Amino acid sequence: MSDSKDLNALAKELSVWRHNRLIYPGWLIAPYQTRDIIWRNTKRWLQIVVEAQDAWSPTELLLLHHEIIWRLRLCLQNVPIEIQDRIQQTLKDIEPDLFSGMSKSRPVFEELDIEKTLIEVSEMKEAWLFCAFQVLRNARISQSKRDFENWALKIQSLNTIDNDIVPAITYEQCLFSLAEANHEQTRLHLESWPENSKDPYWLARKASVHAELGNLSIAKNLTEKALDSLKRMQKQSPKVFWTLSREGWCLRLLWQINIAENFEYGGFKNERERELEAYRCSPSIELNNLIQKIGDRSLPSKPTVVTAGKPEFDYGSRSKTIGYSATTSYERLAPALNFLNAVEISGALIQAENVTFEKEEFFQSLQWIQDDFPQLWASLIFRFNGVGIGKKAITRTTLSKLSLEQTEQLFKTATQYVEQFFEDGESENIKIQDRRFFSIINMCDFTARISLRLGTEQRKWLFAVALKLANFAAMKDHPSGQELVSDLLRRSIPYFDADDIRPLLFDMANFPLSGDFSTRFNYVRWPEPYLFASRSLNNADWLPIKGLKNAINQLIKKAESHSIELRTNSILRLTYMNELRLLNEAENKKFADAVWRQQDDFNLPTLASNVYKSIVLSLPETEKDQASTGLLNLLEKAFVENRFEETQTEIDGELKKRLSLSGKDPDLLLQLLINLKWYCEKRKINNPPFFKPELTKRYLNSILRWWNNECDRFRRWLVRDMYQSDNLFERTDLVFDVLANCILVYGNINNREKKSISKMLTEMEELGIPMAKAIPVMAAIEPEEQTEFLDKLHFGLLSDIADNARRYCYACYTWESNAKQLKLDRLSGDVYSTLLNIVGGVIQPIAYELMGVMTNLVRENYYPKNDKEQKKLISAIERASKILAYDREDESICSRPINTDELPHLRRNFTRLIQVLIEKEYNTNRNIQDWIEAARNDPFVDVRSQFDEIFD
């Protein structure tokens, strides 16, 4: 706590601050040199300001609040949260006497060791109204509608001294409605905006609101009118900074409006702008300064200007520092807050029509403030949803800082915006180029993210929106629209239980199929709603559902279509519905007939080329083993396709070979073998027909031929385009997986073949290809060296290169799961200790993947079953539960900092690991059980994984 000397010093400083305010030249946005100096001489007092709240009288606090708010606003800073409530309480304490006939001046600071001071009633009223306006602004930022409306009425009723109070309140009302995305209410406020004001710049702020709503011609007229008024004032006093500063910002607003009208960017600076620079009234210099600070978080170099006039201005005390800043967020977030406050004060446009200004800086500012100022963040997200910042700027961490009531209010506001979009008669004809297209995409995405904290009814609303959007041509024909529809389904359907989803099954069956319409963007997968249904529904007992039988019959007819895409997607939907046991025996027979009526050269159902053939094993058959026979026909003829293409290109008059990547990555045959291995293991098929020794040797020869053909091409490409090599490594990783999981497990590989494999691996390693996944293969070929390979596996887990560490993580699973078939020793205690240290310490970048690996090792009974190792695992889980706790406060327990956006994903995999431990009857302790209970309230931990193995 500060002593009386500190409070005495602050009281004396108030007289300096008051003097500064009264002689302020009147810049709309003060020059950054001025702001910087005032901020340095203000922040040192913030702690004392906070402590004075309990020591000073209401009148003294009113004066203090007036001066500190004025200085913070000038510095484009926010009022400390620690004193916001006290400002409001002070206003309530002093209001009855101040506005009920008080006529005498009042003494202040009588108990402090300074010269007694009298404060006039008129000055107290001015201070009261100024502070009340800050309370109104706080209510607007927090979207507290009742408080906002009450304070707006109170200020208007008590104001008798300031003609600009009414337009100021109207501007705040417009900002409040914009933050609700309520454009209709914003227009009503604009209609009530008073015509005359002492400060012409209120017309410019009104113009900026009109421009944001798209009323560009009105905005232009209002801005020109404000400019005319300012120029008339300048004729009387040509070098008044008050008018020159406002003129500069009006000129910039006019420039923005012209760009939005013509959609042509041009330089802002003109001769008048250069003249204004000399008076430190240039908006370009101030904005560039703010933007530069956001970009590098450092003080920018000062531009050189010729100063034609420099006002007399005292910056305040430069005495010794007293106390320290009341909150560290000031310095850390200053660039973002400065930029956002400058936009609010100046009315500078962020978006108008299809034009966005300072988009990157605005997005970065939102990212900075989302944790410390979630209310301000939320209001700006709604207001500027068309900027396209919603998806990136919204995190679960931010939403978690809002109360449930606030979250529900956000959801309600967002849904009103979306519903208004659907009520518009032209909504179905929305064009991709239309700003509303991206606005609705961002708002729907925002709403979906909010729903993560809410319940089933909100998710049903998301599903209903997805159904509506799925019928809009623009949504079907643009990747952003397709991705949005997919996200809405992903954030709704997985959370439904049988009772919730039953009324939706008919709509899901009639959801548009991508084969029903054409899209220019085939690389984006159109969502399949049944894909997201929880696996727990597979055993549900379904009562008759009206219309569902007819929908199933329609899908069966589409499965007979000669349109390959329509046929494929109909078959996939019926397959997922069959998993839920929604088809009866007769429908299943019709489905089988439709599937096998059209066959390819291998006697397999004709399906789109981007669907892995392993899906046929899940389809109903018209004959026994029909799918297996067709797959064997395919496997006897298929081969590993080239990764590169060589074309003849004329270069400098000569025909030369040009190397380029093909689209065959990952290779269909290699991925099919992995899928078949997974399918057979899942169904416990001990001697799968797809991996007979003669077939397995054929796969190996196909891989060796592929490498002999492509080795030189790999070498040439890696030398030339190493930075594009990641997708090349997908192919080699897949080769290693097939060798370890299929060929070496099922094939009777002789010494000659082992040497061929070893030669290929050596050549790959010499080219710098990551070999982590090849370690189990090398150990199986050279079992006498497996200790050395175990050491490589062990140390590779600690790699600083994230992708390599992940490869070593998966290699551990491959080694342990195939150790018996490959005749390898089990993973050593050192390897398991490292695995448990990573899991227990939640050490990124591989903790997420490793939790999944440990889950599979435990589920499939590969993890050591002795008590000692099981106790070590439980101990690691307990350590991780503290790090991933939902109410965690002690960050010192983390060996490395965890990105807050990664926490939900880590918790999801961690929950799956604990659930498997419980299923396997591990002796979990109370702490772990408590963690699971807390996780039950986190819907994100139970999202269903998609069937990625179906597609290439």
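The points below cover a pocket, then aromatic pairs, then charges over rings.

1. A word before we start: this is a predicted model.

2. Let's begin with the second largest pocket, which holds about 1,400 Å³ of space. Its lining is made of 37 residues, and Trp-70, Phe-130, Asp-162, Trp-202 and Arg-246 lie nearest the centre. By class, 20 of the lining residues are nonpolar, 3 are polar and 14 are charged.

3. Which helix gives the largest share of that lining? It is α6, with 7 residues. Helices that each supply at least two lining residues include α1 (4-22), α4 (58-74) and α12 (241-262).

4. On aromatic rings, the model has 20 aromatic pairs. In one of them, Phe-644 and Trp-717, the ring centres are 5.7 Å apart and the planes stand at 50°, so the pair is tilted. Phe-644 belongs to strand β5 (residues 644-651) and Trp-717 to helix α32 (residues 693-720), so this pair ties together parts 73 residues apart in sequence. Phe-644 is buried at 3% relative accessible area, and Trp-717 is buried at 5%.

5. Phe-691 and Tyr-699 are edge-to-face, because their planes meet at 80°, with the ring centres 6.4 Å apart. Phe-691 is buried, at 3% relative accessibility, and Tyr-699 is buried too, at 1%.

Conventions
Residues are numbered from 1 along each chain as its sequence is written. This is a predicted model: local features need pLDDT of at least 70, side-chain atom pairs count only at pLDDT 80 or more; totals for chains, interfaces and linings use all residues. Side-chain values use heavy atoms; hydrogens and water are left out. On a 1 Å grid over the protein atoms alone, a cavity is a set of points where a 1.4 Å probe fits but cannot get out, and a pocket is an open set with protein on both sides within 12 Å along at least five of seven lines; lining residues have an atom within 4 Å of a point. Grid points are joined across faces, edges and corners, and a volume is the space filled by probe spheres set on the points. Helices (H or I, at least four residues) and strands (E, at least two) are DSSP runs, numbered from the N terminus. Ala, Val, Leu, Ile, Met, Phe, Trp, Tyr, Cys and Pro count as nonpolar, Asp, Glu, Lys and Arg as charged, and the others, Gly among them, as polar. Rings of Phe, Tyr and Trp (its six-membered ring) pair if their centres lie within 6.5 Å; planes under 30 degrees apart count as stacked, over 60 as edge-to-face and the rest as tilted. Buried means under 20% relative accessible area, exposed over 50%, partly exposed in between (1.4 Å probe, protein chains only).
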